Amino acid sequence: MPQRHPLIALADFPPGSKRAFKVGDRRVALCNVEGKLHAIDDVCPHAGASMAAGPLRGTTLTCPLHAIAFDVTNGAAVCPKNMDPVQSFPVFVNEGRVEVEV
Ligand code: FES
């Protein structure tokens, strides 16, 4: 059953921010792209690197280890395109706090 988990104050996560958060037994990469919040699985499916440690260009987050890239809006693979997507998670703002539904 999905549950909402508070992550950080929105005021502390301005546009351009990206960061990994531990949520239960998972890691989630939260990104702020021009004021829109997105969350995908932080664990790169290739070899487990933290996706949030890689560069964010537009809506594309690139793994810092071997450069597999995913679209943070939906988890789809950007490069190479034939990879399976990673999971994406709904993000909410509740009374100034960013929450992710996992
Ligand atoms: S660990 Fe992410 S591309 Fe290799």
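Mentor: We'll take some strand pairing, then a loop residue.

Mentor: Ground rules: this is a predicted model, where local features need pLDDT of at least 70, side-chain atom pairs count only at pLDDT 80 or more, and totals for chains, interfaces and linings use all residues. Residues are numbered from 1 along each chain as its sequence is written.

Trainee: How do S2 and S3 pair?

Mentor: Antiparallel, over six bridges. S2 covers residues 18-23 and S3 covers 26-33. Strands here are DSSP runs of E, at least two residues, numbered from the N terminus. Two strands pair if DSSP finds at least two bridges between them.

Trainee: Which residue in S3 is opposite Phe21?

Mentor: Val28.

Trainee: And what's in the turn?

Mentor: Two residues separate S2 and S3 in that hairpin. Gly24 in the turn has a positive phi of about 60°.

Trainee: How many bridges join S3 to S4?

Mentor: Six, and the two strands run antiparallel. S4 is residues 36-41. Asn32 has Leu37 in S4 as its bridge partner. This hairpin also has two residues between its strands, and Glu34 takes a positive phi near 50°.

Trainee: New topic. Where is Met83?

Mentor: In the loop between S8 (77-79) and S9 (88-89).

Trainee: Why does Met83 count as partly exposed?

Mentor: Because 15 other C-beta atoms lie within 10 Å. Buried takes 20 or more within 10 Å, exposed 12 or fewer, and partly exposed is in between, with C-beta atoms placed from the backbone.

Trainee: What does Met83 touch?

Mentor: Ile68 and Ala77, leaving out residues up to four places away in sequence. Contact means C-beta atoms, placed from the backbone, within 7 Å.

Note on methods. Helix = DSSP H or I, 4+ residues; strand = E, 2+ residues; numbered from the N terminus. Contact = placed C-beta atoms within 7 Å.
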